[in-house]
Amino acid sequence: MNEHVHRKRPTIEDVARESGVSRGTVSRVLNGGHWVSDEARVAVERAIKKTGYRINPHARNLATARANSIAFLLTESQDRLFEDPNFSTLMRGAADALAERDIPLVLLMAGSDDEQRRATDFIMAGHVDGALLVSSHRGREGFLKTLVDAEVPVVSCGIPLGYERRIGYVAADDLDGARDMVAYLRDVAGRSRIATITGPQDTSGGLGRLEGYRAELGDAFDERLVVAGDYSRASGVRAMEELLERQPDLDAVFVANDMMAAGAVDVLRAAGRRVPEDVAVAGFDDAPIATRVEPQLTTMRQPLERIAHEMVRMLLDLVDGRPAARMTLPTELVRRASA
């Protein structure tokens, strides 16, 4: 008597177990091989043959099509999205560049751990073809490892600290821009006690602008004239109050962005200090607020719209299989009434 033995149909889990990779990696191989290393792809293909796993051709044809959308991945809180005009400028520039190719832009917030997890899951599920990373912070970029290891196309705005060699980026020349501004305050505006309010020291912009300030002053650098901010107007207020208490004889302040510079002007006015007669104030970015304060801010202009367009161009090149690129763009000093 012959006994018929029913064999269970192999599953994706069986393929993952046999190949030694995750279920997600197997799924990506089946869906066209996006963001999978050659080694993992070969291992999965061998496991498919060994286990006898059968692919549904209809499902695969649906899955291999591109998502035809790009993520704007912002690693900041929602409050910062609406407070800092640079983000809206970058997002509008990216959306315009993608619109020329009929590709939509999807905003993903990644300011908290939960938001980073959800954003990573969304991207890894193939809902977008790549990501424009904006405002990366050292120590809060762990989620990037998942994307980079999976070979997801990512281009960063600014140098992605810790991932400089693994992710393409477009950055403004923060260091030389800061040097030029400090040289202007010293040599043109005639100031000798030049303080600075820095940006966050876990970002490439914050680090680069402080480094430029320090390098231009050389032996005249004085740690007592340095106070940290976080790019918000409120932090500019706090930092300027601390500087005046600590070094009341300062005659200029280079502020790492225009939002904080506006806060510094508020404090100086409240303290009875005239700008620029008593204290010259200079910012960075040339954000809209630079022309809304009184006096209007001397600042260092970042080419944000060009940065956004170059990021889109580089990312679409990555999606098409070209290697990652890196670009640093010059800044431009804009002289107004504050210095």
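How many salt bridges does the structure hold? There are 26 of them, a salt bridge being a side-chain nitrogen of Lys or Arg within 4 Å of a carboxyl oxygen of Asp or Glu. Keep in mind that this is a predicted model, where local features need pLDDT of at least 70, side-chain atom pairs count only at pLDDT 80 or more, and totals for chains, interfaces and linings use all residues. Residues are numbered from 1 along each chain as its sequence is written, and side-chain values use heavy atoms, with hydrogens and water left out.

Let's look at some of those pairs. D266 and R233 meet through their side chains at 3.0 Å, N to O. They link distant parts of the chain, with D266 in helix α12 and R233 in helix α11, 33 residues apart. (Helices, H or I with at least four residues, and strands, E with at least two, are DSSP runs numbered from the N terminus.) D266 is partly exposed, at 31% relative accessible area; buried means under 20%, exposed over 50%, and partly exposed in between, using a 1.4 Å probe and protein chains only.

R246 and E242 make another salt bridge, at 2.2 Å from N to O. These two sit four residues apart in helix α11, so about one helical turn separates them. Then there's D286, whose salt bridge with R301 has its closest N and O atoms 2.7 Å apart. D286 lies in the loop between β9 and β10 and R301 in strand β10, so the pair ties together parts 15 residues apart in sequence. D286 is buried, at 19%, while R301 is partly exposed, at 31%.

Now for the nonpolar side. The largest nonpolar core has 47 residues; such a core is a set of buried Ala, Val, Leu, Ile, Met, Phe, Trp, Tyr and Cys residues joined through side-chain atoms within 4.5 Å. L185, I197, Y213, M240, V253 and V281 touch the most other members. Helix α12 gives the largest share of this core, eight residues. Apart from it lies another core, of 28 residues, including A97 and L132.

Finally, find helices α7 and α8. Their axes come within 10 Å and cross at roughly 10°, the axes being lines fitted to C-alpha atoms, for helices over the stretch in contact, with angles running from 0 to 180 degrees between N-to-C directions. That makes α7 roughly parallel to α8, because angles under 35 degrees count as roughly parallel. Q116, T120, I123 and M124 in α7 meet F143, T146 and L147 in α8, where contact means heavy atoms within 4.5 Å.

Conventions
Angles under 35 degrees count as roughly parallel, over 145 as roughly antiparallel, 65 to 115 as roughly perpendicular and the rest as oblique.
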